[in-house]
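Here is a short tour of some side chains worth a look. Please have the structure open as you read.

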Amino acid sequence: MLNKNSEMMQRDLEVIWHPCTQMKDHETLPLIPIKSGKGVYLYDFEGNSYIDAVSSWWVNLFGHANESINTKIKAQLDTLEHVLLAGFTHEPAVELAHKLVNITPDELKKVFYVDNGSSAVEAALKMSYHFHLNLGERKPLFLSLTNSYHGETIGALSVGDVALYKETYEPLLIANMQVPVPKDQSKEAANKALIVLEKVLKERSDEIAAFILEPLIQGAGGMHMYHPAYLVGARVLTKRYNVHLIADEIMTGFGRTGKMFACEHADIFPDFMTLSKGLTGGYLPLSVVMTTDEVYNAFYCDYSEYKAFLHSHSYTGNPLACSAALATLEIFEQNDILGDNEKKSVYIKEKLEKFLDLSNVKEVRQQGMVTAVELEGYDVSERIGLRIYEYALSKGVLLRPLGHVIYFMPPYTITYEEIDKMIEVAYEGILKLEIRN
Ligand SMILES: *Cc1c(COP(=O)(O)O)cnc(C)c1O
C-alpha cells in the first residue's frame, strides 16, 4: 500500500511539470508533498517535519502560517479580493506605497506595482529605456554583472549571466553587455572591477540605458558576495555617464543583508529599485519598481504627446498581496528584527568556524542573514548539491545547495536551537561527502 506521501507524489507527476527540474530525476528522487507549515517547519503527509532553511526560495521572512499576517489577509479577503489598478485604486495599495516610499532611500518617490520578480525587472528595463527615449535619446543596450541573476522571462534572462538558465535561450535575448563582478568581498576587488566599469561606460554609455545589479549578494549565482565600495563607485560612475542604476533588491531587500535594503550599506540611491520575494513575507506574488521623481516626470505630459509608460499585468497591486506586505512591514515596525538578526548572524558565523577545518570547504562567507559554505574538489557530474539536499531532507532540514555552494537563508523567526540543528545537519552532510571521496 502506498503511503500518503507517495500517493500525492504519484498524482502530482501525472499532471505537474515542475520549475527548474529535470522531471526524469523524480523516477528516483522523491518529491516532497507538503501538507502544512508552521514557523520554520514544513510538514509532509506522513507527519515528517523539515526546517525551511532556504525560506521557500528566499521569500519567507517570518515563518509559515504566521498569525499576524494570516489575520490581515483574512480581513482583506472579506473586504476586497481584487480590483484592477488602472483607473481604480484601493487602500492596501495606497498605504503600502506610502510605507515603501518612507523606508527606501529618500530619492525613491514613486511605486509601480507588478506581480513577480522577473516582471519587475522587465518593467524597470522598459522604464529606463523609455525614459531616455522620452528625452530624445535611443539607448537600446543594458549593462549587468557577470554571474548575475535577474529572473527568467526573456528580458530578465538577457541581463542575467548564469549559463545554466541562459545558454539555451541565447538567440532569443535582448542586447546586453556584462562587466566583471568583484571577485570577492575585499575592497581591492571592488576597486579593480570599477576600473573595468568605467572603461565600458566611457566607450559605450551613449548606447547603454541602465546598469542593473544585485547589490552585495548575487543569489542564484551561488551567493557570491562583494564589497559595498563597488556600489558607491558604480553610483558615481553611472551618474557621471548618464546611465541609470537599477538595484535589483528582489532577494536582498527587507533585511536579508543586515540592513533593510542592501543599498543602505553603501548609502546610495539607485534610479530604480526592484522589490519582491520578502515583500509579502513569502505569502503572495507581488513586486514593485520604485523610482525617482525625475524618472516619473519624464513620462508626465499631455496624452497627445504619447509618452506614458505602457506596462500592465492583470494582478498588478493585488489587495490580498498588498495586505500581506503591510502585515510584514508592521512586524518590522513593532519589533527590532534587524537587531535580533544581527545577533543570529554572529551566532551562525561562529557555528560555521569548524567547517573551515574540513578539507573540502573552500570558503565560508556571510552578509547579514545569508551565509554560504563553498565546497571545492568536485566535478559538476558528481551532483554533490543533490547529495547534500537528500541527506539533509532525511534529517529534517530543507537545504537546497546551488551547485557546490551550501547556503543558509532561514526565516528570521528561526530559534537558536533550530539554527544548531540546521548547521549540524549541513556539517554531517559535508563530512559524509569528505569521507566518500
Ligand atoms: C528571484 C529573483 C528574481 C526573479 O524573481 P521571480 O519572482 O522569481 O521572477 C529577480 N532578481 C533577483 C535578484 C532574484 O533573486
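Phenylalanine 309 is buried, at a relative accessible area of 17% (buried means under 20% relative accessible area, exposed over 50% and partly exposed in between, with a 1.4 Å probe and protein chains only). This is a predicted model, in which local features need pLDDT of at least 70 and side-chain atom pairs count only at pLDDT 80 or more, while totals for chains, interfaces and linings use all residues. Residues are numbered from 1 along each chain as its sequence is written, and side-chain values use heavy atoms, leaving out hydrogens and water.

**Aromatic pairs**

- The whole structure holds 14 aromatic pairs (rings of Phe, Tyr and Trp, the last by its six-membered ring, with centres within 6.5 Å; planes under 30 degrees apart are stacked, over 60 edge-to-face and the rest tilted).
- Phenylalanine 299 and phenylalanine 309 make an edge-to-face pair, because their ring centres are 5.9 Å apart and their planes stand at 80°.
- Both of these residues sit in the loop between α10 (293–297) and α11 (319–334), 10 residues apart (helices are DSSP runs of H or I with at least four residues, strands are runs of E with at least two, and both are numbered from the N terminus).
- Phenylalanine 299 is buried too, with a relative accessible area of 12%.
- Phenylalanine 355 and tyrosine 427 also pair edge-to-face, 5.1 Å centre to centre with 65° between the planes.
- That pair links distant parts of the chain, 72 residues apart: phenylalanine 355 is in the loop between α12 (337–351) and β13 (361–367), and tyrosine 427 is in helix α14 (residues 416–436).
- Phenylalanine 355 and tyrosine 427 are both buried.
- Phe62, Phe332 and Tyr412 are joined into a cluster by ring pairs.

**Charges over rings**

- Tyrosine 427 also has the charged end of lysine 354 over its ring, 4.1 Å from the centre (NZ of Lys or CZ of Arg within 6 Å of the ring centre and within 35 degrees of the ring normal).
- Lysine 110 lies over the face of tyrosine 296, 4.7 Å from the ring centre.

**Lysine 166**

- Lysine 166 belongs to helix α7 (residues 163–166).
- A polar atom of the lysine 166 side chain lies 3.0 Å from the backbone oxygen of serine 158.

- Serine 56, in helix α2 (residues 55–58), has a positive phi of about 50° although it is not a glycine.
- Tryptophan 57 lies in helix α2, and its phi is near 65°, again positive in a residue other than glycine.
- Serine 56 is partly exposed at 30% relative accessible area, and tryptophan 57 is partly exposed at 41%.

Key:
Polar contact = N/O pair within 3.5 Å; in protein donor to acceptor, adjacent residues only side chain to side chain.
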